[in-house]
Each structure stands twice: as C-alpha cells, then as structure tokens.
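Biologist: I'd like to learn how to read some features of a protein model. Could you take me through them one by one?

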Amino acid sequence: MDAVCYHAPRQLDIIRTPIPEIRSDQVLVKVTCCGICGTDYHLAEGEFFGKFPLIPGHEIVGVISKVGDEVEGFSVGDRCVVNNIILCESCFYCRRGQPLFCENVNSLGITMAGGFAEYVAVEEKKIFLIKNLTDEEATLVEPAACAIHGMDKLSPPVGVEALIFGAGPTGLILAQLLKINGASKVVIAANKGIKTQIAKDLNVGDVYIELDRENPESQWNTLKKDNPYGFDIVIEATGSEKVANDSINFVRRGGTLMIYGVYENSALVHWPPSKIFGDEIKIIGSFAQTHCFPRAVAYLDSGKINVKGIVTDTFSIKDYQRALDKMNSKGACKVILKPSLE
C-alpha cells in the first residue's frame, strides 16, 4: 500500500509498505479520508512527541475491511472513525483517573502508524460507527472530541460571554459548543479570509471581528471599545505567540483564559502576575482528549454541530507535501488526504 512516511523530522517520503496484519482484538480499516492538522506540521518539524520513522495521520475515517476473531459488534463494511489515543492504564496518572497525562501514551499517527495510508490496524475499542456524516465531514470528529474536552475543562456557566481567537476547525466547533451549552454571546476574532467566511456561513458566532493580517490594531481597539468589561471566557485557538500574549487583556475580572492552540516549542508568554492576582483570572490549558469520541460522534452525526463546508481542500497521499503547504498557506480551513482521488 502507499503511505506517507516521516523517516525523521523534515525527511518526508511516499513509500510502499505492506498492508498491516491485525491481532484478534483489532480491525483493519480501509482509510477513506484522514484530516491534516497543525500537529502534523509540528511533527514534521520534530516539535511534537512523535516516534520516527512514522506514518502520520490521526484524524482517521474509513470502512472496516477485516475483523479479528475476538471482535464483536463490528462487521466488514461498517463506516467508522478512529479514536487515535492509546493509554497504558497502569501508570501513575492513569491509576489516578487522569488518563490524559498517561506517561506511556501512544497515538495512531504520532507514535504509531496512522491514517496517511491506505489501511490502518485499530483496536476494536477505538472504533466508533458513523451514519449520517460524509467521510469528509467525519474527519472533524477527532477535532470535535478535543473541543469537547476543552468544554469539560471550561465548564462554562449558563449565560457567559465568550471570545474565541481563531476560526480554524476547532475554533468553529468550540463556538458552536458554547452556543449550544448556554453562552449568551460568542465573538469570533480571526484574520480576514476563508475561515472567517465559513464561520459566518455556519452562523457559529454572534459577532465577527475580521482582523487585518498586516495591521490589526484598529480591530483590536474596536473589540476593546465594544466590550469594555471583556469576556467571561477567552479562548486562544490560533497557536500564535503574539495573540496568546495579548489574549489576557480581553479577560473579564474573575474570568477564564483557555490556551488551546498548538505552539512552537520556543513560544513564550509574558503576563503580569499582578493582573492575574488582582483580577482573579483563571488560566487553563486544554490538550487532546481521551474519552470524548462518543459525544463527538453524537454531536456531529445528529447535525447539532454543523461541520458542512469546513473541509475546503482534498489531496491524495502522493501529494502530501502540497497538502501540507496548502494548510500552511492560510488559504484553507480544513485540508484532508485520501488514498486516491480516483
């Protein structure tokens, strides 16, 4: 089968490799789509916890093509998504009920062979069936699961006012989750372009602030003028060091700042501790997810979270570098790979 392979950071190749053999507790998934996200770029740069050589791709959608002898409840032909996270269930954090911090965590597409290939072997317990979503739309289940974990961390009271920096796929999903779960106002602040237009088309927010990439100061000032008390919740979902540094200035006294983007390892923030102390600002991080896939499938498959149109570009495995370049060009919202475009 064809597959993308990182032999090492910045050493990308398209390889021919055998179709995986499955254990008795696994299924073989024939990949139909696999989403690309910022993590894949950081992996390529050697900045994430990847293990090389690696077949990347962790937002996996496909059809079950083979079932192990011990597998129950799944059949050949079932359409599915894959929870990429694999926990050891025995380390210090797993035994404390904090599996997100598993010391021996593995992930399909990050430390183990993932979905930028024609087939992937997956444990039965990591398979979730889909019905109504298209394959392309289903690539948003994994980002939605991560967004749901973020909502669990926020635990927002009914009636909060929220500001989200960034209109990428997870920003669009977080905005909808906030509206569904009781936010009285959701403001989206993002660079002018295709992502902000999709946010408007999906009606994910109540107010949209389109930032000029070169000179956004006037929009920042308008945002502060129109919201003099700031926001109960501010979510930084751009992965920009500068925006992360500025984001605390929009948090209302007693409010919460959630850091959600994926940043370069060298990125730093400089926040005045006197402000955090005096305004009693709560700062939290939200990273990945562990057991959020059932809720993500329920939200997306039911249509309560609308992801139509978020996927803007599709490439074949053989054009992976072009797909990565497109994602980094700021001219796409969600880029996905397919084994073949035929």
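Modeller: Gladly! Let's start with pockets: a pocket is an open set of grid points with protein on both sides within 12 Å along at least five of seven lines, and its lining residues have an atom within 4 Å of a point. Please keep in mind that this model is predicted.

Biologist: Which residues lie nearest the centre of the second largest pocket?

Modeller: They are Q26, L108, M112, A113 and A121, out of 17 residues that line this pocket. Its volume is about 240 Å³.

Biologist: Which residues line the largest cavity?

Modeller: The lining is made of E59, I60, V61, V81, V82, A138, T139, V141, E142 and F293. Strand β4 (59-67) gives the most, three residues, while β4, β5 (79-82) and α4 each supply at least two. Sorted by class, seven of the lining residues are nonpolar, one is polar and two are charged.

Biologist: How should I read the packing of two helices?

Modeller: Two packed helices are described by the angle between their axes and the distance between the axes. Take helix α4 (residues 141-154) and helix α10 (residues 293-302): they pack at about 110 degrees, and their axes are 8 Å apart. Angles of 65 to 115 degrees count as roughly perpendicular, so α4 and α10 are roughly perpendicular to each other. Their crossing is right-handed.

Biologist: Which residues of α4 and α10 make the contact?

Modeller: From α4 come V141, E142, A144, A145, I148 and D152, and from α10 come F293, R295, A296, V297, Y299 and L300. This contact has nine nonpolar, three charged and no polar residues.

Biologist: At what angle do α4 and α5 pack?

Modeller: Helix α5 spans residues 169-180, and α4 packs with it at an angle of about 50 degrees, with the axes 9 Å apart. The two helices are therefore oblique to each other, and this crossing is right-handed. On the α4 side the contact uses P143, A144, A147, I148 and M151, and on the α5 side T170, I173, L174, L177 and L178. Nine of these contact residues are nonpolar, one is polar and none is charged.

Biologist: Finally, what should I look for in the backbone?

Modeller: Most residues other than glycine have a negative phi, and most peptide bonds are trans. In this model, the bond joining F52 and P53 is cis, with omega about -5 degrees. P53 sits in the loop between α1 (38-44) and β4.

Biologist: Where are N203 and A288 found?

Modeller: N203 is in the loop between α6 (194-202) and β12 (207-211), and its phi is positive, near 55 degrees. A288 lies in the loop between β15 (282-285) and α10. Though not a glycine, A288 has a positive phi of about 55 degrees.

Methods: Residues numbered from 1 in each chain as written. Predicted model: local features only at pLDDT ≥ 70, side-chain atom pairs only at ≥ 80, totals over all residues. Heavy atoms only, no water. Axes fitted to C-alpha atoms, helices over the stretch in contact; angles between N-to-C directions. Helix = DSSP H or I, 4+ residues; strand = E, 2+ residues; numbered from the N terminus. Parallel < 35°, antiparallel > 145°, perpendicular 65-115°, else oblique. Left-handed = near helix turned anticlockwise from the far one by under 90°. Contact = heavy atoms within 4.5 Å. Nonpolar A, V, L, I, M, F, W, Y, C, P; charged D, E, K, R; others polar. 1 Å grid on protein atoms, 1.4 Å probe; cavity = no way out; pocket = protein on both sides within 12 Å on 5 of 7 lines; lining within 4 Å. Points joined across faces, edges and corners; volume = space filled by probe spheres on them.
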